[in-house]
Each structure stands twice: as structure tokens, then as C-alpha cells.
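Hi there,

Here is the structure I promised to send over. Have a look at it first, and my notes follow below.

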Amino acid sequence: AYVSLLPWGSDAVGVTTEGLAWPLVDEPLPAGLARGLSNVRSAPDAAVTLRSGTLLVVESALAPNAPAALPER
């Protein structure tokens, strides 16, 4: 599934993810930027933690014809 992390209202600070293809470790996600868009869940379960702020987490299904391999970023 695709997973997008969207700061809600203000910056999200200290964002750490597990179970996503492109992990974040204690990263800032400034409001208004698209840095947290279109990650891919790479494990059956995923987790997101943050030190401050609010995140809207959106998970959507991969398209049926999505490639099996993940592209390099």
C-alpha cells in the first residue's frame, strides 16, 4: 500500500517510521512540503511516531499493475 504522511496544521517534528520502504528516523516534516508523500508499506504492519505536531496518515492500495520491485529514490 502507498502511505503518505501529511503534517496537519504545523510542522511535524521527530518523525520516525518502521515498515516503510523509505524509512524516516527522527526527521522533520515541514507543513506544506511534499516530502512525506507516496512511501510504500514494506511489511504487514507499519508504525509512525513523532515528538511533536500532528500527522494525517493516508494509506491507499497499490494499483493492480504496480511493479513488483520498488524504484530507487
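Among contacts in the chain between residues at least 6 apart in sequence, what percentage join residues at least 24 apart? The answer is 64%, where contact means heavy atoms within 4.5 Å.

A word on the source: this is a predicted model, in which local features need pLDDT of at least 70, side-chain atom pairs count only at pLDDT 80 or more, and totals for chains, interfaces and linings use all residues. Residues are numbered from 1 along each chain as its sequence is written, and side-chain values use heavy atoms, with hydrogens and water left out.

The chain has six strands and zero helices (DSSP runs numbered from the N terminus: strands are E, at least two residues; helices are H or I, at least four). Three of the strands form an open, antiparallel sheet in the order β4-β1-β6; two strands pair if DSSP finds at least two bridges between them. Because β4 (39-40) and β6 (55-60) each have a single partner strand, they stand at the edges, with one side left without a neighbour in the sheet. Strand β1 (residues 2-7) is joined to β4 by two bridges, and Y2 has V40 as its bridge partner in β4.

S4 also sits in β1. With 14% relative accessibility, S4 counts as buried (under 20% relative accessible area, 1.4 Å probe, protein chains only). A polar atom of the S4 side chain lies 3.0 Å from the backbone nitrogen of S38. Leaving aside neighbours within four places in sequence, S4 is in contact with G36, L37, S38, L56, V57 and V58.

Best wishes

Notes
Buried < 20%, exposed > 50% of the residue type's maximum accessible area, 1.4 Å probe, protein only. Polar contact = N/O pair within 3.5 Å; in protein donor to acceptor, adjacent residues only side chain to side chain.
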